[in-house]
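Trainee: Hi, I'm new to this one. Could you walk me through it?
Mentor: Happy to, let's bring it up.
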Amino acid sequence: MAPNDSADTNGTAPHGPARAVAGRRKAVRYIVPVAVAGVAAATIGLVPALASSGDPDLPEITAQELIEKIAASDTEQLSGTVKISTDLGIPTLGGLAGSFVPDGAGDKGGASADPQSKLTELASGTHTLRVAADGPDRQRVSILDNASEYSLIHNGDEVWAYDSKSNAVYHAEEKAGEHAKRGDQPVPDGVPTTPKAFAEQALKAADGTTSVKVGGTAQVAGRDAYRLVLTPEQSGSTIGSITVAVDAKTGVPLKFTLQPSSGGKAAIDAGFTSVDFGKPAASSFSFTPPKGAEVTEADSAANREKAHKAEGGLGPFEGLNAKGEGVKVTGKGWSTIAEIKAPGGSGMPSTSSGDKASGDMPAEAQEFLDSMGDKVTGTFGSGTVFKTRLVNALMTDDGRVYVGAVTKDALVKAADSAG
């Protein structure tokens with residue numbers, strides 16, 4: 001029996017130490033023209049529902065105290081195994097992501113080990129990750145497959161990525177202090193790989209627009225935990241609820257589950273199956289390229305991508321960048337919608353355009369987007385809505401994109417309001 005009485009903050013923004021995790025959300029980083037796929041990967045941290053085992057007796061705690069406990073957690077050393085299951089209602093992204101690898105990068109080479117593309121695979125299916133951390137300068141994330149392993153290692157001023165399947169290595173050197181600018185995470189912005197990273201992104205969206213309660217207790221990976229339940233109070237969101245299991249002793253989120261407003265199974269369920277808060281072995285963060293491996297330096301990969309863009313690889317979307325320039329954000333909380341205006345006012349690239357300079361979309365990607373599209377009209381004109389169970393995107397015929405974790409009707413309303 002869970003002894004906890006639910007404590008409801010009903011949209012009250014966290015105070016004190018909790019502000020570190022409850023600030024305004026940063027602008028989403030978009031990868032277009034695979035708009036829906038890219039956004040799904042970048043906003044994968046906005047979701048939950050909780051499958052627990054056990055119901056331990058723990059001292060009562062309020063929602064505010066539990067949020068502050070997460071914010072005050074100073075755990076910097078841990079290792080363990082994380083299972084991530086994602087069901088956004090989209091096909092597996094592994095093969096699709098390869099359609100947007102810069103020219104000249106084949107099955108064997110830096111592209112197959114580049115974390116920017118490899119980690120998008122977490123946006124669909126079930127994956128087992130082995131993680132380790134020893135302070136802000138040393139982290140490791142390994143994605144385990146049946147017969148292969150992909151590892152991303154941050155050790156001091158170096159970042160290594162290795163794909164055992166293709167024997168490809170990706171290497172980057174950081175300038176002093178550069179890792180601090182990206183939040184001490186050795187992964188691309190917006191791609192969480194631990195329950196804590198998921199929880200922090202979810203809490204950022206809870207400022208003034210969310211009911212936050214303590215929903216009893218649970219046992220995760222053999223540890224007692226409180227359940228923090230976040231429920232959007234705004235209409236039009238595709239998110240039904242989020243549940244975070246928080247370690248009762250350390251304040252570290254152990255499990256994160258998102259239930260979509262449409263019902264059914266969880267859209268995202270990420271949690272530790274085993275965890276150890278001791279200091280990981282130093283060997284966990286050491287890496288030497290295997291004999292015969294093809295090593296790609298980050299500078300070379302970046303230059304190749306720039307050349308690809310210069311040839312029109314991104315078509316009408318090449319004016320967008322990682323800083324969010326060209327992106328207008330409207331709304332707040334769970335109803336936030338981003339508007340992207342393509343330079344030149346051209347619509348979505350198409351395999352049938354016959355114009356290579358316009359940035360034709362690979363046939364595989366075109367088929368992927370068409371399978372999810374619904375034609376819509378409004379005072380804005382006409383366009384197509386591409387849907388997942390969580391993130392939806394409206395792409396207008398005159399080259400605008402509206403995207404968010406909101407319903408189709410909310411996107412059309414936003415386009416109409418923009419004129």
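Trainee: Which residues form a negative surface patch?
Mentor: Asp-157, Glu-158, Glu-173, Glu-297 and Asp-299 form it. Patch residues have over 30% relative accessible area and no salt bridge, and like charges are joined within 9 Å. A salt bridge would be a side-chain nitrogen of Lys or Arg within 4 Å of a carboxyl oxygen of Asp or Glu. Before we go on: this is a predicted model, where local features need pLDDT of at least 70, side-chain atom pairs count only at pLDDT 80 or more, and totals for chains, interfaces and linings use all residues. Residues are numbered from 1 along each chain as its sequence is written, and side-chain values use heavy atoms, leaving out hydrogens and water.
Trainee: Where is Glu-297 found?
Mentor: In strand 12, residues 294-297; strands are DSSP runs (E, at least two residues), numbered from the N terminus. Glu-297 counts as partly exposed because its relative accessibility is 36%. Buried means under 20%, exposed over 50%, and partly exposed in between (1.4 Å probe, protein chains only).
Trainee: New topic: which loop holds Asn-167?
Mentor: The one between strand 5 (158-163) and strand 6 (168-173). Asn-167 has a positive phi, near 55°, though not a glycine. With 18% relative accessibility, Asn-167 counts as buried.
Trainee: And what about the phi of Ala-221?
Mentor: That phi is positive too, about 55°, and again the residue is not a glycine. Ala-221 sits in the loop between strand 7 (210-220) and strand 8 (223-232). Its relative accessible area is 26%, so Ala-221 is partly exposed.

Notes
Patch = residues over 30% accessible without salt bridge, like charges linked within 9 Å, V, L, I, M, F, W, Y side chains within 5 Å. Areas by Shrake-Rupley, 256 points an atom, 1.4 Å probe, with all protein chains shown as cover. Lys, Arg positive; Asp, Glu negative; His and termini not counted. Charge placed at Lys NZ, Arg CZ, Asp CG, Glu CD. Helix = DSSP H or I, 4+ residues; strand = E, 2+ residues; numbered from the N terminus.
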